[in-house]
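I am opening a notebook page on a structure that is new to me, and I want to write down what I look up as I go. The entries begin with the whole chain and then turn to single places in it.

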Amino acid sequence: MHTQAATAMNPDTLSSELRASRRHLARITDDLDGERLLGPKLAIVNPPLWELGHVAWFQEYWCLRRSAPGGMLDSIVPGADALYDSAKVAHDTRWNLPLPDLKATRSYQSEVLQRVLRRLEREPENRELHYFAQLAIFHEDMHAEAFHYTRQTLGYSNPLQDNEIAAVPGTRIAGDVELIGGTFALGAPPGGDFVFDNEKWAHDVQLRPFRISRTPVTNVEYAVFVDAGGYSRREWWSEEGWAWRSREILQAPKYWTKQDGTWTQRRFDRVVGLHPDEPIIHVSWHEAEAYCRYANRRLPTEAEWEYAASWDPRADEKKHYPWGNRFPDAAHANLENAGVAVTAAHPEGDAASGCRQLIGNVWEWTESAFVPYPGFVVDPYKEYSEPWFGTHKVLRGGSFATTRRLIRNTWRNFYTPERYDVFAGFRTCAPGT
Ligand SMILES: [Fe+2]
């Protein structure tokens, strides 16, 4: 039972969240200009000028054009579909489009937002509009996080600079919790808030007893693996992982460098010392898997992860967040912030299982392939989940750059296993006794 809605879909809340989501995106992108508006052509980034227009196009398409009474309306920007429809405009062509300039792109953004806000006021009972407004908010929040990744990838400054929200300290914890498993309802239950098609619906799975680490793997733990020859010992890597490591010519995580015997890492445009107690970040699924083989551990399945995050045995029910059903605040989790916190932080966000930081700080790779839940039915935004089934791995929990309104226990993120630009780390599992 979700006793408190994470994001109640009423017109007033939606209007303020649409504005908040736009303000958040603006903070992450406001200083991008000149050559940075297009930037280098890489598979893992979008040209910022295109991405800024794309979020406006998406909001316009779903909230104004597609759901208009009387059929599809034209865009405010002539030919917008040929520019900004991510399902139709191939990724590597996005640098060569006749895009409106920055000023025109920003006025497209604000014009669309103003029209959506007016429509919400005019049509307070339009449930379909509420659904698509919520979709547009989450979409924009996800692009804001992607802009964070882009800035790390390209070595731009951290848009939020130093951590603005101080981590709430806790006593350092380590080791595993042992969980009994059993029958567990994986996925989102019907009748709650907005959920994506890939979370539908809660269905029973069987979990064997297992142990799961109370925190994500830390830098110091990962450094032991690296210093033990982790990146040159073939036996710790899968075939696919080894081929990837060899192509990338990695001897350590992408952003690590050893200077005078000490590891440093690049965070945005700065090189900083590796904090031993922060979680490992910017590792691919392959690296996570290799670490697990070295440590005689394994990644949690997404069902194990969600069980550890959501199951409250005393209440005999699933919770919306690890700490319960209360909307996240700064004490619970490191969200909407500038960087990672040590793994001891945020004890108030502990799950009933005893695990810490399941929400926020770093996304966590799971062992699971991204596949549909039984009975999957595609939602109107068809390209959100379905095209990626089978090729991507599931990540859970959100990172410091994820917005509070977006993340919850049942949220499934998904990336291909070679991606290390994501703000992702992992925790590990072992069999129960
Ligand atoms: Fe998008």
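**Entry 1: the whole chain**

What percentage of the 433 residues of the chain count as buried? I looked this up and found 59%, where buried means under 20% relative accessible area, exposed means over 50%, and partly exposed lies in between, with a 1.4 Å probe and protein chains only.

Before going further I noted that this is a predicted model, in which local features need pLDDT of at least 70 and side-chain atom pairs count only at pLDDT 80 or more, while totals for chains, interfaces and linings use all residues. I also noted that residues are numbered from 1 along each chain as its sequence is written, and that side-chain values use heavy atoms, with hydrogens and water left out.

For the overall dimensions, I found that the C-alpha atoms fill a box of roughly 60 × 50 × 40 Å along the principal axes.

Among the contacts with a separation of 6 or more, 78% come from residues 24 or more positions apart, a contact meaning heavy atoms within 4.5 Å.

The accessible surface comes to about 17,700 Å², and 52% of it belongs to carbon and sulfur atoms; the areas come from the Shrake-Rupley method with a 1.4 Å probe, and for residues only the protein chains shown count as cover.

I249 is not a glycine, yet its phi is positive, about 50 degrees, and it sits in the loop between α7 (239–248) and β5 (256–259). Q357, also not a glycine, has a positive phi of about 60 degrees and is found in the loop between β9 (317–318) and β10 (363–369).

Is each of them buried or exposed? I249 counts as exposed because its relative accessibility is 68%, whereas Q357 is buried because its relative accessible area is 3%.

I followed β5 into β6 (residues 262–267) and found them paired in the antiparallel sense over four bridges, two strands being called paired if DSSP finds at least two bridges between them. Q259 has T262 as its bridge partner in β6. The two strands form a hairpin with two residues between them, and in the turn D260 has a positive phi of about 50 degrees.

β6 pairs in turn with β7 (residues 270–273), antiparallel and over four bridges, and R267 has R270 as its bridge partner in β7. This hairpin has two residues between its strands, and F268 in the turn has a positive phi of about 55 degrees.

Within β7 I picked out V272, which is partly exposed because its relative accessible area is 30%. Leaving aside neighbours within four places in sequence, V272 is in contact with T264, Q265 and R267. I also looked up P313, which is 41 residues from V272 along the chain, and found their C-alpha atoms separated by 42 Å.

**Entry 2: two buried residues**

D312 belongs to strand β8 (residues 311–312) and counts as buried because its relative accessibility is 13%. Not counting residues up to four places away in sequence, D312 touches E317, K319 and A352. P322, ten residues from D312 in sequence, is 8.7 Å from it in space, C-alpha to C-alpha.

R119 is in helix α4 (residues 102–122). I recorded R119 as buried because its relative accessible area is 4%. Which residues does R119 touch, not counting those up to four places away in sequence? I listed C63, L64, S67, A68, P69, N126 and L129.
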